[in-house]
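Q: Hey, I'm new to this one. Can you walk me through it?

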Amino acid sequence: MENYSKARTVEQPCPCPFPGLSSDTDEVRVKDGSKIRNLMHYALSRMEVKPRALEGEGGHPKSEEGGSTTEVQEAPCSQAPEKMPSRQIVFTGMGKGVSKAITCVEILKRRVKGLHQQTRLLFSTVLEVWEPLEPAAGLDSLTVNRNIPAIWVLLSRDPLDASLPGYQAPGNFDALWAQAAKEDAGVAGGQRHGGRRKRGGGGGRGKGPGGPVRQTGRSREPGKGQSHGKGALAGQE
């Protein structure tokens, strides 16, 4: 591919994996270059009657997507009439934006209580068009289809089908965090106890199960009998 350059990238439309979802349901597309602060402003303005401002945040909410920025201008609360909050909202993320989409979902679940969650994992198709660097060389343009992992998360105030895979009831994240903290505490405690060295376990003479252990083997120092034997041989000579 050293003779080609990427001309454009076209994301193929992906059908919604949630059957029966209303067409007017709000969808938040999260990409790698999106800012969580702006995404949460947009989501909270749809899910709350009076969205609470984030800490240290001001201005109007906007949603950024990758290289292009799409601003969502909201009228001030004092001028716009209050409307009923949305019952459902969908977060989508693809590629590097998957982890950021999950972060937005967890933040919204803590800000808006009682949300049911349905998660779907799938692959999204991206079409890449490559053009030759030198058109006079006789090379043709190339089209590459890439399958990129994606995630769809549906948050609903109304109960969802709990028998479907990927369902999470409201409030389950508290139990999961408590269980994870307990496991981490157990692992840390085991490392502290396992790292201590036992006293009195070094080398040297020790005591066996039945008492002191006697050393066996021949002594390095010559015995008295050996010295007398040498003297007697010298006397005979």
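This is a predicted model: local features need pLDDT of at least 70, side-chain atom pairs count only at pLDDT 80 or more; totals for chains, interfaces and linings use all residues.

Q: Okay, at what angle do the axes of helix α1 and helix α2 cross?

A: Roughly 45°, and the axes come within 10 Å. Here α1 is residues 36–47 and α2 is residues 98–111. An angle between 35 and 65 degrees is neither roughly parallel nor roughly perpendicular, so α1 and α2 are oblique to each other.

Q: Is the crossing left-handed or right-handed?

A: Right-handed, as α1 passes α2.

Q: Which residues make the contact?

A: From α1 you get I36, L39, M40, A43, L44 and M47. On the α2 side there are K100, T103, C104, I107, L108 and R111. By type, they split into nine nonpolar, one polar and two charged.

Q: Switching topic: which residues touch the most other members in the largest nonpolar core?

A: V28, I89, F91, L108 and L155, out of 20 residues in that core.

Q: And which elements give two or more residues to this core?

A: β2, α1, β5 (88–94), α2 and β7 (142–156). The largest share is six residues, and α1 supplies it.

Q: What does L155 contact, leaving aside neighbours within four places in sequence?

A: Among its contacts are I89, F91, V105, L108 and L115, along with R87 and H116.

Q: Last one: is D26 buried or exposed?

A: Buried, with a relative accessible area of 14%. D26 lies in strand β2, residues 26–30. Apart from neighbours within four places in sequence, D26 is in contact with Y42, R46, S86, Q88, I89 and V90.

Technical notes: Residues are numbered from 1 along each chain as its sequence is written. Side-chain values use heavy atoms; hydrogens and water are left out. Axes are lines fitted to C-alpha atoms, for helices over the stretch in contact, and angles run from 0 to 180 degrees between N-to-C directions. Helices (H or I, at least four residues) and strands (E, at least two) are DSSP runs, numbered from the N terminus. Angles under 35 degrees count as roughly parallel, over 145 as roughly antiparallel, 65 to 115 as roughly perpendicular and the rest as oblique. A crossing is left-handed if the near helix is turned anticlockwise from the far one by less than a right angle, and right-handed if clockwise. Contact means heavy atoms within 4.5 Å. Ala, Val, Leu, Ile, Met, Phe, Trp, Tyr, Cys and Pro count as nonpolar, Asp, Glu, Lys and Arg as charged, and the others, Gly among them, as polar. Buried means under 20% relative accessible area, exposed over 50%, partly exposed in between (1.4 Å probe, protein chains only). A nonpolar core is a set of buried Ala, Val, Leu, Ile, Met, Phe, Trp, Tyr and Cys residues joined through side-chain atoms within 4.5 Å.
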